[in-house]
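Student: Please take one part of this model, the pairing of oppositely charged side chains, and go through it closely. I would like to follow where the partners sit and what lies around them.

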Amino acid sequence: MMKQKFNIIKSTCIPVAIDNCNTDLIIPARYLASTTRDPKFFGDAFMHDLRYDANGNAVPDFVMNKPDFSEAPHEGVHEIIVGGQNWGSGSSREHAAWAIAGYGVRVVISSSFADIHRNNLLNCFVLPVVVSREFQQELFASIEKNPQTIVTVDVPNQTVTNEVTGHSEKFEINSYKKHCLVNALDDIDYLLTQTDKIEAYEKSAVKC
């Protein structure tokens, strides 16, 4: 996983308008046996069985293969996915979050997430943003009309904005996870920043 500091993300989006998009669609089960943690391996597997047919040919009608959305994510381009409701349902496989992160996506916006998948995304430095169903549908409509639609996700202020309409919504995020994203810290990194406090506590506990 790539640890990047989160501040304000302005990007075009990939619209994946699939409700109940489960983790088996996000990454097929056959990839779970791999022992690699290579981001590219999992990024290539992201949505594999929707992107490619049984012969390995790109499925032209799938959104990620359409010219407007086929460019690989990079700064300001396709770093955001707008997904259908109940994104990440199904099995709790971490690999689904690895695949999304490995593809280069930094934010997934949906009206609802499966809880375990939502936490897995956060652990992989991908921000799950929950918006209203109405705002989600507005984003889909804006992107359909103009694939160059920019969405701004302001992590410090916890807002997401459709730059076409100017409409914004607030989103919730656990304060600890927000701190970790803003400072590019995983759980071990965070514990290391607390070394002095941990050692002080251990000394006081020994005295007791």
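Tutor: A residue is called buried when its relative accessible area is under 20%, exposed when it is over 50%, and partly exposed in between. With that scale in hand, and keeping in mind that this is a predicted model, we can begin with helix 2 (39-45), where K40 and D44 both lie, 4 residues apart, or about one turn of the helix. An α-helix has 3.6 residues a turn, so residues three or four places apart point the same way. K40 and D44 form a salt bridge in which the closest N and O atoms are 2.7 Å apart. D44 counts as partly exposed because its relative accessibility is 39%, whereas K40, at 55%, is exposed.

The structure holds 8 salt bridges, and another of them joins the side chains of D49 and R30, with 2.6 Å from N to O. D49 is partly exposed, its relative accessible area being 42%.

A further salt bridge pairs D189 with K3, whose closest N and O atoms are 2.8 Å apart. This pair links distant parts of the chain, since D189 is in helix 8 and K3 in the segment before strand 1 (8-11), 186 residues away.

Helix 8 (residues 187-193) supplies 3 residues, the largest share, to a nonpolar surface patch, which covers about 380 Å² and is made by I188, L191, L192 and I198. I188, itself in helix 8, counts as exposed because its relative accessibility is 54%.

Helix 8 also takes part in covering helix 7. The buried residues of helix 7 (residues 175-183) are K177, K178, C180 and L181; seen down the helix axis they fall within an arc of 165°, so they line one face of the helix. Their cover includes helix 5 (115-123) and strand 5 (127-130) along with helix 8. At the start of helix 7, a side-chain oxygen of N174 comes to within 2.8 Å of the backbone nitrogen of Y176, while the residue that follows helix 7, A184, has a positive phi near 55°.

Technical notes: Residues are numbered from 1 along each chain as its sequence is written. This is a predicted model: local features need pLDDT of at least 70, side-chain atom pairs count only at pLDDT 80 or more; totals for chains, interfaces and linings use all residues. Side-chain values use heavy atoms; hydrogens and water are left out. Patches are made of residues with over 30% relative accessible area and no salt bridge: like charges are joined within 9 Å, nonpolar side chains (Val, Leu, Ile, Met, Phe, Trp, Tyr) within 5 Å. Accessible areas come from the Shrake-Rupley method with a 1.4 Å probe; for residues, only the protein chains shown count as cover. A salt bridge is a side-chain nitrogen of Lys or Arg within 4 Å of a carboxyl oxygen of Asp or Glu. Helices (H or I, at least four residues) and strands (E, at least two) are DSSP runs, numbered from the N terminus. Buried means under 20% relative accessible area, exposed over 50%, partly exposed in between (1.4 Å probe, protein chains only). The arc is that of the directions from the helix axis to the C-beta atoms. Contact means heavy atoms within 4.5 Å. A polar contact is a pair of N or O atoms within 3.5 Å; within protein, one must be able to donate a hydrogen and the other to accept it, and residues adjacent in sequence count only if both atoms are side-chain atoms.
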